[in-house]
Amino acid sequence: MNYWLVKSEPNVYAWEQFQTDKVAVWDGVRNYLARNNLRAMQKGDLVLFYHSNIGLEVVGIAKVKKTGFPDPASPDQWTAVELVPYKKLKHPVSLKKMKNCPELSNMGLIRQSRLSVSALTEDEFNKVLLLSQEN
DNA sequence: GCCAACGTTGGC
DNA sequence: GCCAACGTTGGC
């Protein structure tokens, strides 16, 4: 089991829309490191869903439904996956909160904020869930 | 292969 | 709206 974090701008594709859709093709990623992360995803992996630009918080957990397949727009080079909503967090976890948390200082989101798909350790994943229990 | 110029992302 | 960080491009 691996853990990941994906970013989405809520004015482009928000968690609420994702929940309505029940499934989302995660394509359009045009960064090699992010692509490698997409390719490393396994079915059933859990993925934190982060709202960038607006909100700046982790709002839910998604699950990998379909593993890396060719991005329809650029099948030779790029990769897409399919995600389904798994759980909405009880309380969103803000970037500020994560930045203030020493255990999360190595998190991909904080170290390299521009990376759209990053890997998380199990500890980091669990810590974010823990923070989402608090108000 | 280096590096300057430029574009994009995303937090503030 | 600004700017730092990062990736890409292209001239040399």
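Visitor: Which residues does Ala119 touch, not counting residues up to four places away in sequence?
Guide: The model is a predicted one, in which local features need pLDDT of at least 70 and side-chain atom pairs count only at pLDDT 80 or more, while totals for chains, interfaces and linings use all residues. Residues are numbered from 1 along each chain as its sequence is written, chains are lettered from A and ligands numbered from 1 in the order in which they are written, and side-chain values use heavy atoms, with hydrogens and water left out. Taking contact as heavy atoms within 4.5 Å, and leaving out residues up to four places away in sequence, Ala119 touches Tyr3, Trp4, Asn37 and Glu124.

Visitor: Where does Ala119 lie?
Guide: Helices (H or I, at least four residues) and strands (E, at least two) are DSSP runs, numbered from the N terminus. By that numbering, Ala119 lies in strand S6.

Visitor: Is Ala119 buried, partly exposed or exposed?
Guide: Buried means under 20% relative accessible area and exposed over 50%, with partly exposed in between (1.4 Å probe, protein chains only). Ala119 has 40% relative accessibility, and therefore it counts as partly exposed.

Visitor: How far apart in space are Ala119 and Ala40, C-alpha to C-alpha?
Guide: Along the sequence, Ala119 and Ala40 are 79 residues apart. In space, from C-alpha to C-alpha, the distance between Ala119 and Ala40 is 9.6 Å.

Visitor: Which residues of helix H5 are buried?
Guide: Helix H5 covers residues 122-133, 12 residues in all, and reaches 17 Å from its first C-alpha to its last, close to the 16 Å expected at 1.5 Å a residue, where the expected span is 1.5 Å times one less than the number of residues. On the other side of H5, Asp123 and Leu130 are exposed. The buried residues of H5 are Glu124, Phe125, Lys127, Val128, Leu131 and Ser132.

Visitor: Why do the buried residues of H5 line one face of the helix?
Guide: An α-helix has 3.6 residues a turn, so residues three or four places apart point the same way. The arc is that of the directions from the helix axis to the C-beta atoms. Seen down the axis of H5, the buried residues line one face because they fall within an arc of 160°.

Visitor: Which elements do the buried residues of helix H2 pack against?
Guide: In H2, which spans residues 32-40, the buried residues are Ala34, Arg35, Asn37 and Leu38. Viewed down the axis of H2, these buried residues fall within an arc of 160°, so they line one face of the helix. The elements they pack against are S1, S2, S4, S5 and S6.

Visitor: Which residue caps the N-terminal end of H2?
Guide: A polar contact is a pair of N or O atoms within 3.5 Å; within protein, one must be able to donate a hydrogen and the other to accept it, and residues adjacent in sequence count only if both atoms are side-chain atoms. At the N-terminal end of H2, a side-chain oxygen lies 3.0 Å from the backbone nitrogen of Leu33, and the capping residue that supplies this oxygen is Asn31.

Visitor: What distance separates the side chain of His51 from the backbone nitrogen of Trp15?
Guide: His51 has its place in strand S3, residues 46-51, and it counts as buried because its relative accessibility is 6%. The side chain of His51 reaches the backbone nitrogen of Trp15 at 3.0 Å.

Visitor: How far is a phosphate oxygen of DNA strand B from a polar backbone atom of Asn53?
Guide: A residue is near a molecule or strand if one of its heavy atoms lies within 4 Å of it, and the residues around DNA strand B include Tyr50, Asn53 and Arg114. Asn53 is found in the loop between S3 and S4 and has a positive phi of about 70° although it is not a glycine. From a phosphate oxygen of DNA strand B to a polar backbone atom of Asn53, the distance is 2.9 Å.

Visitor: What lies 2.3 Å from a base oxygen of DNA strand C?
Guide: DNA strand C is surrounded by Asn31, Tyr32, Gln112 and Arg114. A phosphate oxygen of DNA strand C is 3.4 Å from an N or O atom in the side chain of Gln112. At 2.3 Å from a base oxygen of DNA strand C is an N or O atom in the side chain of Arg114.
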